[in-house]
Amino acid sequence: MIIVAGLGSVDDYLPFVEAGAGELFIGYVPLQWREQAPYDSLNRREVRFYNVQIGSMSELLILRDMVRDAGVPVTIALNALDFTPEQRSLIVSMVRECADLGYEDYIVADGALAELLCQHRVHLSGEYGELNHLILADMKSMGVTRIIFPRQTKVEEMESMIQRFPDFEYEAFLLNEKCHYTGAYCNSLHCDELCHACRIPYRLFAEEGEIPGYNRPGYEEDHEDFSVPGESGCGLCRLWKYRQIGITHLKLVSRGNDTESTLEDLSAIRTALEILEQAPDEQSYIRKMKEMIFPDGCSGNCY
């Protein structure tokens, strides 16, 4: 299973690769997009003024040379939920420029855009909402190469879809940014000016009472309580099942995180994968993994 990490700056490419990332993804918002669609997002990180976006062709050129040397590919995220026809035309021309530099992989959440980019390698974003095998059938007909499952997808649901369509690559969330919203239906903005809905204090209840793990008293309080890998969402205990059902890629949500935290997360995932290779069964893996990575206890904020 390949670790996929978010990249906010070209400076982080080599450290992340050396730490174990087998693939990286970036946000790219060039000048022509800012001029022609200044108030619309190009991906699901509407932030533009800290390290979540690359904003120039010169940076892509530098990154391209790094990719050629290190051999670890980079995918460009274009996964805003929908675009106008005019915006799609602009994106197609942008992708043509990126492809000329050697970038062939794109994360997309707009179905019409996925079809327009069918000559490239399209990863269907979890923001699209891959909820059943019927959606996967449509994506197969469009030539999509990878399915990124939404955060909330149960392992059993993943397994059912993978069994029906074994030819896709499959990516599942592993660390950070747990959220009870389904991205395909979320209109909150992850922007500079506003606190997005994920960070508003909340508690969730079901018929039987409060749901464990779904209680956010406040973003700052959460970060004061724990400083462990996956403090805002963790699926390391799922790794045994992920391997068993055919997950090929593991998403580390890290674009926008500081470099040191991402390096710690990458180290934790590498350790977990090494333990996974040696463990005779699932319970042995979980026990050893928690002893090695969480000797003082994990956050309990499980996917």
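Student: Which residue in β5 does Ile 107 stand opposite?
Tutor: Ile 107 stands opposite His 123. Keep in mind that this is a predicted model.

Student: How do β4 and β5 pair, parallel or antiparallel?
Tutor: Strand β4, residues 105–108, pairs with strand β5, residues 121–124, in the parallel sense. Four bridges link the two.

Student: What holds strands together in general?
Tutor: Strands of a sheet pair through backbone hydrogen bonds.

Student: What do the strands close into, and in which order?
Tutor: Eight strands close into a barrel, with parallel pairing. The order is β1-β2-β3-β4-β5-β6-β7-β10. From one strand to the next, the twist averages 30°.

Student: How many helices and strands does the protein have?
Tutor: The protein has 11 helices and 10 strands.

Student: Switching to α6. Which of its residues are buried?
Tutor: Helix α6 covers residues 133–142, and its buried residues are Ile 135, Leu 136 and Met 139. They sit on the same side of α6 because they cover an arc of only 100° around the axis.

Student: And what is exposed on the other side of α6?
Tutor: Leu 134 and Ser 141 are exposed there.

Student: What happens at the start of α6?
Tutor: A side-chain oxygen of Asn 132 comes to within 3.0 Å of the backbone nitrogen of Leu 134. That is the Leu 134 that is exposed.

Student: What follows α6?
Tutor: Gly 143 follows α6, and its phi is positive, near 90°.

Student: New topic. Where is Ser 254?
Tutor: Ser 254 is in the loop between β10 (249–252) and α10 (259–278).

Student: Is Ser 254 buried or exposed?
Tutor: Ser 254 counts as buried because its relative accessibility is 2%, and the cut-off for buried is under 20%.

Student: What is Ser 254 in contact with, leaving aside neighbours within four places in sequence?
Tutor: Ser 254 is in contact with Ala 5, Gly 6 and Thr 262. A polar atom of the Ser 254 side chain lies 2.7 Å from the backbone nitrogen of Gly 6.

Student: Last one. What share of the protein's residues is buried?
Tutor: Buried residues make up 51% of the 303 residues. The protein exposes about 14,300 Å², and carbon and sulfur atoms supply 49% of that.

Definitions and conventions
Residues are numbered from 1 along each chain as its sequence is written. This is a predicted model: local features need pLDDT of at least 70, side-chain atom pairs count only at pLDDT 80 or more; totals for chains, interfaces and linings use all residues. Side-chain values use heavy atoms; hydrogens and water are left out. Two strands pair if DSSP finds at least two bridges between them. Axes are lines fitted to C-alpha atoms, for helices over the stretch in contact, and angles run from 0 to 180 degrees between N-to-C directions. Buried means under 20% relative accessible area, exposed over 50%, partly exposed in between (1.4 Å probe, protein chains only). The arc is that of the directions from the helix axis to the C-beta atoms. A polar contact is a pair of N or O atoms within 3.5 Å; within protein, one must be able to donate a hydrogen and the other to accept it, and residues adjacent in sequence count only if both atoms are side-chain atoms. Accessible areas come from the Shrake-Rupley method with a 1.4 Å probe; for residues, only the protein chains shown count as cover. Contact means heavy atoms within 4.5 Å.
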